[in-house]
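Colleague: Could you take me closely through the salt bridges of this model, and then through the helices and the sheet around them? I would like the cut-offs stated as you go.

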Amino acid sequence: MSDFSSANASILIADDNEVNLDLLSEILTSVGYHVTCVKSGDEAVSSAQSGLVDLILLDVIMPGTTGFSACQQIKLNPKTRFIPVILITGLTDSNDRIHGIMCGADDFLNKPINKQELLARVHSLLRLKSFTDELENAETVLFTLATSIEAKDPYTEGHCERLSEYSVALAERIGLPEDLRVALRRGGIVHDVGKVVVPEHILLKSGPLNDEEWVIMRQHPIVGEKICSPLKSFRLVVPIIRYHHEKLNGSGYPDGLIGDEIPITAKVLQIVDVYDALTTDRPYRKALSPGETLVQMRSEVKRGWWDGALVDELEGIVSELEAPIVGSGSKNFRLKNQR
């Protein structure tokens, strides 16, 4: 774990008062922190996006963008929302503190500043930040592993990214909440991470798998679940990974779930997965057109495999697609409203 007790941590201070900046900077640099000073809320918001800030001290009362507003902007930005923010204020009204909490502040310091209290609060928040950074690093490793598995097969280039995009679009269309859309965005990338244990001669086989090979292939959702389940942030992603090959009539794998036993997120991803697979060239067949694909998927709905309502919604999305993007041996599509 990173040591944020000294020079490893970079702290941003925003205060329009030069004396306050000098005081806070002197206290923090004296124990080894790297300090950057700015004199406005706007500068604080801009500097936070550099990716080099570990903690921010914001004076509440500043001309223009206040500390409250700057804090809110920082916490609403996905790139900066995990940076701890301490609001420094001389205000004593409890409503001001409540307002700061609503803006996303992680802590408060009252003026005049007590040196030991400042250092204790900074150290505590930086310690929590180090855990957040470790979590982000773990997720990055998983995403990298997933894309490296995909890269082994030139016929599936871009598959994970498309599943991520289309799953979110379908989830939005049927009104799933934000937390499930985030899970689908992640699940689209890592759903096949368990294929790391599948030998390449099986992954890249140009024809149908034999019975022994299918036994190995059908283990990948279970392996993927084991890889990702230690991450608490993947709590809603894990069911997508394990169940995206289940079928409504119980003929899927690995658990043979039936109907509503399959989570809605897994149903969403599997519909998009099937569509993308059928509209992509494979060594043993050419890609189907979107129309041909939907016809085949509807025949599989009648066989009890997929959720017909979701196929209907997918057809609505397909009708809004742009012209095909020419890729290496594949015909794939990108949503108009996604870049």
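**Salt bridges and their surroundings**

Modeller: The side chains of R173 and E313 meet in a salt bridge, with 3.0 Å from N to O; the term stands for a side-chain nitrogen of Lys or Arg within 4 Å of a carboxyl oxygen of Asp or Glu. This is a predicted model, in which local features need pLDDT of at least 70 and side-chain atom pairs count only at pLDDT 80 or more, while totals for chains, interfaces and linings use all residues. Residues are numbered from 1 along each chain as its sequence is written, and side-chain values use heavy atoms, with hydrogens and water left out.

To return to that pair, R173 lies in helix 6 (residues 159-173) and E313 in helix 14 (residues 308-318), so the contact ties together parts that are 140 residues apart in sequence. Helices here are DSSP runs of H or I with at least four residues, and strands are runs of E with at least two, both numbered from the N terminus. R173 is partly exposed, at a relative accessible area of 37%, and E313 is likewise partly exposed, at 28%; buried means under 20% relative accessible area, exposed over 50%, and partly exposed in between, with a 1.4 Å probe and protein chains only.

The structure holds 17 salt bridges. In one of them, R298 and E315 meet through their side chains at 2.4 Å, N to O. R298 belongs to helix 13 (residues 290-302) and E315 to helix 14, so this pair ties together parts that are 17 residues apart in sequence. R298 is partly exposed, with a relative accessible area of 29%, and E315 is partly exposed too, with 37%. D107, E117 and R121, in turn, are linked in a network of salt bridges.

As for the helices, helix 12 (residues 264-278) packs with helix 13 at an angle of about 135°, their axes being 9 Å apart; axes are lines fitted to C-alpha atoms, for helices over the stretch in contact, and angles run from 0 to 180 degrees between N-to-C directions. The two helices are therefore oblique to each other, since angles under 35 degrees count as roughly parallel, over 145 as roughly antiparallel, 65 to 115 as roughly perpendicular and the rest as oblique. Helix 12 is mostly covered, with 14 of its 15 residues buried. At 1.5 Å a residue, those 15 residues should span 21 Å, and the end C-alpha atoms of helix 12 are 21 Å apart, which agrees; the expected span is 1.5 Å times one less than the number of residues.

The sheet, finally, is an open one of 5 strands in the order 2-1-3-4-5, with parallel pairing, where two strands pair if DSSP finds at least two bridges between them. Strand 2 (34-38) and strand 5 (107-110) stand at the edges with a single partner strand each, so one side of each is left without a neighbour in the sheet. From one strand to the next, the twist averages 20°. Strand 1 (residues 10-14) is joined to strand 2 by 5 bridges, and the two run parallel; A14 stands opposite V38 in strand 2.
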